[in-house]
Amino acid sequence: MGRMRATPQVRDKHLLYSAAVQSPDTDLEFFLRVFRRERGRTFRTLREDFCGTAALACEWVRSGPDRRAWGVDLDGRTLDWGRRRYVSRLGEAAERIELIRGDVREARTPPVEVVAALNFSFCVFKTREELGGYFRSVHAGLDPDGLFFLDLYGGTESMTEETERRRIAASRAFDGTRIPAFTYVWEQAAFNPIDHHAVCQIHFDLAGGVRLQRAFRYDWRLWTLPEVRELLLEAGFARADVYVEGWDDDADEADGVFRRRVRFQNQSGWIGYVVGIR
Ligand SMILES: C[S@@+](CC[C@H](N)C(=O)[O-])C[C@H]1O[C@@H](n2cnc3c(N)ncnc32)[C@H](O)[C@@H]1O
């Protein structure tokens, strides 16, 4: 009988992050559905702002030979990680992706059909002037019929100091690495109701009592949906639609289907997409 070999522990914070919070295929399915509904066709070009490791941009070019992507991020080390671990595995598709180190407000990419800014990253902009400036630059960088996808979290418990733990099942990363089960810890470490400045941190609890303390730290302004929608309209977008998941009463959890809504009952926590329609 062969000896069982335990899957080696994964301590790479980007791999753990990808297993805990990213699902680029689900995001892309959503973008395709909304784009088709709005424009009656599909799209080929995508710019991922605040791309980090560029998981979304890589998944996009991998999913079809006529798809192109650009990724923009300030952090050269994270971009290098993405180049090494993801882009290098893309084969010929690697020629259809470009990662740019820089500020999203100054990104010079050809006009694209879709810009995405996920995992609440735009919350680094803390004033209306800064966020409005970013939205105007996205508007200018889109094709005339392009769409802009953002996500945002909120809910009655988003404005408190609290910590949430979630068990993440074993999975396989984009580059094939096996990631054993672990616990993802989301800490809302500080929140100031006067200016909505929030400090959030991600920790990972691994097998054997190993903790990756403060693997990621975010210093944000927690924007609200009405503020984001108003700023998108002020920046020139024709509409700013909100999509949230439905609620499954039997399972007592979100049903995983994002629908366009003009009203929904607030919950302790929700994540929604905001879509800027140019
Ligand atoms: C929350 S992470 C998001 C990573 C990835 N987009 C995702 O969905 O998981 C935020 C990223 O934004 C980058 N960033 C922060 N401010 C930026 C700016 N002004 N321009 C470009 N990138 C920025 C950081 O370097 C970091 O990689």
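Predicted model: local features only at pLDDT ≥ 70, side-chain atom pairs only at ≥ 80, totals over all residues.
User: Which residues is Phe 31 in contact with, leaving aside its neighbours within four places in sequence?

Analyst: Leaving aside neighbours within four places in sequence, its contacts are Phe 43, Leu 46, Leu 56, Val 114, Ala 116, Leu 118, Phe 149 and Tyr 273.

User: Is His 14 buried or exposed?

Analyst: Good one to work through! His 14 sits in helix H1 (residues 13-21), and beyond its sequence neighbours within four places it is in contact with Thr 53, Thr 78, Trp 81 and Phe 216. Its relative accessibility is 11%. Buried means under 20%, so His 14 counts as buried.

User: How much of the area that the ligand exposes alone does the protein bury?

Analyst: Let's start with the surroundings: 18 residues surround the ligand, the closest being Tyr 17, Gln 22, Phe 50, Asp 73 and Asn 119. A ligand nitrogen atom is 2.5 Å from a polar backbone atom of Phe 50, and a ligand oxygen atom is 2.9 Å from an N or O atom in the Asn 119 side chain. Taken alone, the ligand exposes 590 Å², and the share of this buried by the protein is 86%.

Note on methods:
Residues numbered from 1 in each chain as written. Heavy atoms only, no water. Contact = heavy atoms within 4.5 Å. Near = heavy atom within 4 Å. Polar contact = N/O pair within 3.5 Å; in protein donor to acceptor, adjacent residues only side chain to side chain. Areas by Shrake-Rupley, 256 points an atom, 1.4 Å probe, with all protein chains shown as cover. Helix = DSSP H or I, 4+ residues; strand = E, 2+ residues; numbered from the N terminus. Buried < 20%, exposed > 50% of the residue type's maximum accessible area, 1.4 Å probe, protein only.
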